[in-house]
Amino acid sequence: MNQIYGDVVHHYYWTLDWSEKTYMRLAYRGFISIAMREDGQAYLLPEIQKSYTVLDWQDLHLSGSARRKAKFYTLTVDDGLEDVLSGIDKHHESNWVEPEYKEIFRKLFSQKECKVPLYNTEATFKAHCFALKYKETGAIVAGEIGYSIGATYTSLTGFFDTEKVSPESKQLKYTSAGKVQLIALGKLLEENGYHFWNLGHPYKEGGKDVKRSMIYKKEIGGHVESRSQFLQRWKAATNAKPNSILTSNTVDAETAVKSVPIDPKLTVTELKEKGDLLLKEGKRNQAISVYTAALGKEEVKEILGNRSLTYFLNNNFSKALADAENAIELYPDWSRGYLRKANALVALDLEAEAKATCKAGLQIDPQDNALNKLFKSL
């Protein structure tokens, strides 16, 4: 094994041995096995990766949108395997989960937690599936398969529903389902005392194909470790035990993600820039979530003003007014706050109040063109 671990050129291997024993032994050694078909023959492809994406619980975080949408979902543990496998097939036109792979996974899944068949370890193996269900209909809208060894969990593959609200719409019917499933699972693993989450292949920043770049792994808090770094942690954690083993269960997603922080590593400036970009792209609800996260760190006038504008564009005039009034209270000499308030008041059919607000703003900055234009129109 040391020779294989030290070989930084080769990382894929193959075998025709589809036995449960071989699969568990490979997994324990740090290989993540997939499958391929060549000339009608199915091969098991164990990979000892050059690097891995790992998630430590202190880095787990989510977006404000995912937190709000979590109330629509539940996460089931080790239930609905066939539905999850069908979802993977449906949402991945070509995938490596060949029929032979499904069969070996079914066999492993049907077993209770069992000892890895090696003489020099007491580590245990258990195959798992997780499904995110839409509460209203019970439909499975995201899910994944994976396995636990000792105090580690490894993701293999999964899916999230990409159905649109309507054919012409860009909005997904089940918004944030993929992220909610991942975050709820991460929190569940943490609460059960698993040491870390092996997310497999490293993500690629700046990739044009978002799905292939797997950037979602970074977006929930994952980081990349070299093979040697990973294996050092892996060997210790696979021979440890979690506080409790994952068993068949249903978890309320909203409760699960409640304590997970929102993008804790981003600075206020970075959050503002992210929100501004989302607003420019027309993703207003996401922009509001990011602005809200930023305001949770510091009440900056420009962020209050931009969130007020975003609420206004979403026709939520009461919230637009509230943000503008807060901005004026905190920054009474900032004329843009008066503009935001005046616009909201006009939308609420309060033109007299809007005119008085414009006057107050123009006393601070008589040259504010937007305020002058609005005032003259009233």
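Me: Is T152 buried or exposed?
Reply: The model is a predicted one. T152 lies in strand β8, residues 152-160. Buried means under 20% relative accessible area. T152 has a relative accessibility of 0%, so T152 counts as buried.

Me: Which residues of the largest nonpolar core touch the most other members?
Reply: In soluble globular proteins, nonpolar side chains tend to be buried together. The largest nonpolar core here holds 47 residues. A second, separate core has 34 residues, including A66, Y73, L75 and I183. In the largest core, the residues that touch the most other members are Y23, Y101, F125, I145, Y147, I149 and L156.

Me: Leaving aside neighbours within four places in sequence, what is I149 in contact with?
Reply: I149 is among the residues that touch the most other members of the largest nonpolar core. Leaving aside neighbours within four places in sequence, the contacts of I149 are A27, Y28, V116, A123, T124, F125, W234, A237 and T238.

Me: How do the axes of α15 and α16 run, roughly parallel or roughly antiparallel?
Reply: Two packed helices are described by the angle between their axes and the distance between the axes. Helix α15 (residues 335-347) and helix α16 (residues 351-364) have axes that come within 8 Å and cross at roughly 170°. Angles over 145 degrees count as roughly antiparallel. Therefore α15 is, relative to α16, roughly antiparallel.

Me: How many nonpolar, polar and charged residues make up the contact of α15 with α16?
Reply: From α15, the residues in the contact are S335, Y338, K341, A342, L345 and V346. They meet E353, A354, T357, C358, A360, G361 and I364 of α16. By class, the residues of this contact are 8 nonpolar, 3 polar and 2 charged.

Me: What is the distance between the closest N and O atoms of R106 and E82?
Reply: Side chains of opposite charge can pair when their charged atoms come close. R106 and E82 form a salt bridge, with R106 in helix α5 (residues 99-110) and E82 in helix α4 (residues 81-91), 24 residues apart. R106 is partly exposed at 29% relative accessible area, and E82 is partly exposed at 40%. The closest N and O atoms of the pair are apart by 2.7 Å.

Me: Where is K135, the salt-bridge partner of D252?
Reply: The side chains of D252 and K135 meet in a salt bridge at 2.7 Å, N to O. D252 is partly exposed at 27% relative accessibility, and K135 is partly exposed at 40%. The two residues are 117 apart, with D252 in strand β11 (residues 249-252) and K135 in the loop between β6 (124-134) and β7 (140-149).

Conventions. Residues are numbered from 1 along each chain as its sequence is written. This is a predicted model: local features need pLDDT of at least 70, side-chain atom pairs count only at pLDDT 80 or more; totals for chains, interfaces and linings use all residues. Side-chain values use heavy atoms; hydrogens and water are left out. Axes are lines fitted to C-alpha atoms, for helices over the stretch in contact, and angles run from 0 to 180 degrees between N-to-C directions. Helices (H or I, at least four residues) and strands (E, at least two) are DSSP runs, numbered from the N terminus. Angles under 35 degrees count as roughly parallel, over 145 as roughly antiparallel, 65 to 115 as roughly perpendicular and the rest as oblique. Contact means heavy atoms within 4.5 Å. Ala, Val, Leu, Ile, Met, Phe, Trp, Tyr, Cys and Pro count as nonpolar, Asp, Glu, Lys and Arg as charged, and the others, Gly among them, as polar. A nonpolar core is a set of buried Ala, Val, Leu, Ile, Met, Phe, Trp, Tyr and Cys residues joined through side-chain atoms within 4.5 Å. Buried means under 20% relative accessible area, exposed over 50%, partly exposed in between (1.4 Å probe, protein chains only). A salt bridge is a side-chain nitrogen of Lys or Arg within 4 Å of a carboxyl oxygen of Asp or Glu.
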